[in-house]
Amino acid sequence: MNLKQLSHMLELSQTTVSRALNGYPEVNEETRRRVMDAAKRHGYRPNPSARRLATGKSGMIGYVLPTGAAVSIDPHFVEFLSGLGDYARGHDLDLVLSPADADDEETTYRRIAANRQVDAVYVSSPRPKDRRVALLATLALPFIVHGRSEGLDADYPFIDIDNEGAFHEATRLLVQLGHRRIGLINGDIRETFAIHRERGVRRALAGSGLALEDQAVVSSAMTEENGYRAARRLLESNGRPTAILCSSLIMALGVQRAVSDLGLSVPGDLSLVAHDDVFTWLQPENFSVPLSTTRSSIRAAGARVAERLAARISGLEDGARGEVWPVDLVVRGSIAGAPV
């Protein structure tokens, strides 16, 4: 079915149908829903070239993918991308990956903005004073940041979780259980989420007259092997921690292995809390001791980023609105009172 046939069947003008399919705000919601339902029911797909000529839009979301020997694609990124793809697939949007030198992503952003290759982009793994965010604020290209930067001169649109609040509450619970020596196995401390998580731990400890010792913090890429090495380092040190907070379930797998290798137990010798991004294939309930977690779905975040990008493309959203999601603290068997 082509646009003319779809319009004739709905008894609407081709212009109205085209605008409804492309999300123009002047089309009322009832008409938009009627057109979208009919298009789906009859298998209508707009011709991409014709759509671009008619609307100036490509129907594509862009992501600048850093490459190089030091870059690895981790499961957190894949899970986020799955959520974004779920939404995009259902709304006739495609995702375009543009590889870039990890040390010079800005050049790629300038190129795709100048060439109008995509209608919008999203930015991930932001850092303080992130040059990518500062650049995009000056380009005529809609964007959303997954996470937050700090120290920028202008506001920008973002979606983030309350990393600081989550790790503050988890630490406060451990302190209430009598723990005084608490360790943190964190993600890359150059990224804002890791900065916020460490800040939450320090703030909770300071509220009880305690401190997070520098030697009790290990920061690295969130892999199982890094979790293992970090746990061995902490647990074999003088004054080993009685509790550890961990930035990822994947790292917690390594912590669990280290605990076993050292002949220790959870929670008898060590209480353990990890952040759960809600992977379908790795669930905290299935650890040898069900794991206490701070919990927020990274797949849901991906879908929400796609939804807001679609709204920005269609003109339904503008401005620099930030969105911070609360994080659940789920208590399971991996925490107990501090050992005497």
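## Basis

The model is predicted, so local features need pLDDT of at least 70 and side-chain atom pairs count only at pLDDT 80 or more, while totals for chains, interfaces and linings use all residues. Residues are numbered from 1 along each chain as its sequence is written, and side-chain values use heavy atoms, with hydrogens and water left out.

## The sheet

Six strands form an open sheet in the order β2-β1-β3-β4-β5-β11, and the pairing is parallel. Strands (E, at least two residues) and helices (H or I, at least four residues) are DSSP runs numbered from the N terminus; two strands pair if DSSP finds at least two bridges between them. At the edges stand β2 (94–101) and β11 (322–325); each has a single partner strand, so one side of each is left without a neighbour in the sheet. From one strand to the next, the twist averages 20 degrees.

Eight parallel bridges join β1 (residues 60–67) to β2. T67 is opposite D101 in β2. Helix α6 (residues 105–115) packs on the sheet and touches β1, β2 and β3 (120–124), where contact means heavy atoms within 4.5 Å. The direction of α6 makes about 140 degrees with that of β2; angles run from 0 to 180 degrees between N-to-C directions, and axes are lines fitted to C-alpha atoms, for helices over the stretch in contact.

## Helices α10 and α11

The axes of α10 (residues 224–235) and α11 (residues 249–261) come within 6 Å and cross at roughly 45 degrees. The two helices are therefore oblique to each other (under 35 degrees counts as roughly parallel, over 145 as roughly antiparallel, 65 to 115 as roughly perpendicular and the rest as oblique). Residues in the contact include Y228, A231 and L235 of α10 and I250, M251 and L253 of α11.

The structure holds 29 salt bridges, each a side-chain nitrogen of Lys or Arg within 4 Å of a carboxyl oxygen of Asp or Glu. One of them joins E224 and R257, with the closest N and O atoms 2.8 Å apart. E224 lies in α10 and R257 in α11, so this pair ties together parts that are 33 residues apart in sequence.

## Helices α1 and α2

Helix α1 (residues 3–10) and helix α2 (residues 14–21) have axes that come within 9 Å and cross at roughly 105 degrees. They are therefore roughly perpendicular to each other. On the α1 side the contact has L3, K4, L6, S7 and L10, which meet Q14, V17, S18 and L21 in α2.
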